[in-house]
Amino acid sequence: MLKNFTALMIVLLVACIHNASAQGTTDAAATGISRAFNPAISINGLLSGSASDNTDEIWTSPDLTSGLQLQEISVDFSANVDVYLSSRATFSTEGEDGLGLEEIYLTTLQMPVPVALRGGKMLNTFGRHNLYHLHHMAFTEPPLILKEIFGPDLNEVSLEASYLMPVSWYMDVTFGLLNGDNTNLFQGTDQFDFGYLWHLDNLWDVTDAVTLRFGSSLLRGGRGDHTGENAPPASLLPGDEVHSSVWGVDVQLKWRPLRYGRYRSCTIQGEYINTTLNIAGHTTDPLHGYFIQVLRKFQLRWWLQGRYGWFRRPAELSPYFPEPEQLSYDVSTGLTGYRYSAAIAYVPTEFSAFRLQYNYTRFADYSAHRVTFQVNVTIGSHPAHKY
Amino acid sequence: MYAKAGKLILLCMLLFTGVHSIQAQRLRIVTTLPSLASITEHVGGGHVVVNSITRGSQDAHYIEAKPSYMMQLHRADLLIYSGLELEIGWLPLLIQGARNQKVAVGSIGHLNASAALSEENVVQKPRGEVDRSMGDVHPLGNPHYLLNPYHGLKVADLIAEKLIQLDPSHEQRYQQNLEDFRRTLQSRISDWERRASGLAGLEVVCYHPHWTYTLDWLGIINTGYIELRPGIPPSPKHKMAMTQLMQQRDIRIVIISSWKEPSKAEEVAKASDATLVILPGEVRALGESEDYITWIDYVVSELVKTASGVVTPGRHRHRRQQRGTL
């Protein structure tokens, strides 16, 4: 109850500040009605057409089927609230379904100490890739391991505090308090079933043109009353506690020459994520996996990209994590999956991109080839993406 | 032995403390451009430590918001940026990530250098509505205003005012430095204008609207751009049209900034029998442009040298007469 109340308060706080004029009608004359203070608004559309040999409809997952897809439409609003806060809200569709809230959060602009606070419903700072919106991803879908563990992202009502450490290189420490709503990991409804997040981000300038980034993340939380979508087996006794523990490391090596950085660059990026459950004192084998991707810009508008992702889910975690849609496999042996992706992207401007991608996916004894053509378009004023 | 080592350590500590306290007394300034850093160094002298986020060889339109830049801003007392939305794609992220109240928007340590200019000083401000079909247009006008040295004088005045506001104890020194800088730059402006006097009325083609302020200052006419729209590379049709235009008007000079890949400009220049001039887009972008004054000097010298090599004397004088500019 307390946890739901906290979540409700955070969202209401953000929503109220977005609608500050309604709250402060008597003070509204201080700024009046002016278009100059409207938020920056952008709309992003992701449309794709795919052909896959997955004709038996073994898998119904959207990233394995054939046909034309409206992958996502997202509407983004961002503005400074006042001297102290900025806000951002993103609403997106899942496929062709109605527009839903993806993110709405506040970030502090000025604090007396070098700490930034971010609160609301938001993509949490676990690794690097989890912070990307779908249109910002280099491939048409997120890496397998993120989908397996977070299904497909860690996006919680939460409060994060990040502190810039007083060292000679960039070292940022983030601590987060998450409401614990993630279906795969938490789904708890107990009062104090929060998730606790820790992230350490380091970046070094190896040369003027090369940066090395290394981060580590830790997330822990209780799984509540065990009555959610992915309920544990009946063998669990009343009162037995289940906790989720996730840790990960992320690495990024980026080369971008100073003089012709707009024309060529190369990024090698990877993450490893490991999760275990502690069930009544027993720690399970880990569900773990990784991805590594290489993004090579070789001309002003052209990119070549490759990615490999792998995961392994042990048998004892099968009851807790959702199975691939309609895929039947021997749960007693666990599940291993991997995917190779290769893509060529034509990016005429920062507001449009066309991507041709090939995927080879294998889960247990099933495999599928898939070719996708994706169009990625943004209109309006969209905030710059982080490094 | 131990006593000697102890003295040595003590001496090192004292030296370190001394150096640290000298550093601490100096204003730590971060600029977005090397040209702004150079002007600030001239005005601030020994009382400031200045770092530029971008290097001269980088195109400031397309900088990524590297966290290491946030660290520079995190430690700064003053941020000086070009403004006119040149840095719109990356500076807001850096300011937010820096978590430094001193340089936050609206703070005393946040200086938009374009505030030194009047409305009339800013060129190529789009009239009416703008949209992305026009390319990478700057709705507030062309942000490369420091390529006119008269604007460098104005920006130096603004920076001196800000330094005095932040560090009034060295007001006299800043005033003196400003006067020295103004005197040197004004004397060089007279020299540049004298050397480039023959260029007035000369027609050139630029790859991108980067050099407008320099060309306007020297009276050089920019007849067209090789880019289809600002930031958008030319189509074959547009390159052909530009080649024809250059041949018709006997334009013999194509100008491109050092950070643009020159292949497309080279094609047009070759087809038009023109000379391609690669000019340093910023301080330290190319050799012999070590500070603001030598940068402008390099640009003017290159233009004069190229024009003298490819243009028949008196030809653009004839054009100026035709246009009534003489």
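**Exercises on a predicted model**

In chain B, R28(B) stands opposite V49(B), a residue of β2(B). The structure is a predicted model, and the exercises below refer to it.

**Exercise 1.** State how many bridges join β1 of chain B to β2(B), and how the two strands run.

*Solution.* Strand β1 of chain B covers residues 27-31. Five bridges join this strand to β2(B). The two strands run parallel.

**Exercise 2.** Give the order of the strands in the open sheet of chain B, then find which strands stand at the edges.

*Solution.* Step one: the sheet has four strands, in the order β2-β1-β3-β4, with parallel pairing. Step two: β2 (48-52) and β4 (110-112) of chain B each have a single partner strand, so they stand at the edges, and one side of each has no neighbour in the sheet. Step three: from one strand to the next, the twist averages 20°.

**Exercise 3.** Describe where helix α2 of chain B lies relative to the strands.

*Solution.* Helix α2 is made of residues 34-44 of chain B. The helix lies across β1, β2 and β3 (78-81) of that chain. Its direction is at about 170° to β2(B).

**Exercise 4.** Locate L109(A) and decide: is this residue buried or exposed?

*Solution.* Step one: L109(A) is in the loop between β4 (99-108) and β5 (115-123) of chain A. Step two: 20 other C-beta atoms lie within 10 Å, and a residue with 20 or more counts as buried, so L109(A) is buried. Step three: leaving aside residues up to four places away in sequence, L109(A) touches residues including N80(A), Y84(A), Q96(B) and A104(B). Step four: N80(A) is 29 residues from L109(A) in sequence, while their C-alpha atoms are 8.5 Å apart.

Notes:
Residues are numbered from 1 along each chain as its sequence is written. Chains are lettered from A and ligands numbered from 1 in the order in which they are written. This is a predicted model: local features need pLDDT of at least 70, side-chain atom pairs count only at pLDDT 80 or more; totals for chains, interfaces and linings use all residues. Two strands pair if DSSP finds at least two bridges between them. Axes are lines fitted to C-alpha atoms, for helices over the stretch in contact, and angles run from 0 to 180 degrees between N-to-C directions. Two residues are in contact if their C-beta atoms, placed from the backbone, lie within 7 Å. A residue is buried if 20 or more other C-beta atoms lie within 10 Å of its own, exposed if 12 or fewer, and partly exposed in between; C-beta atoms are placed from the backbone.
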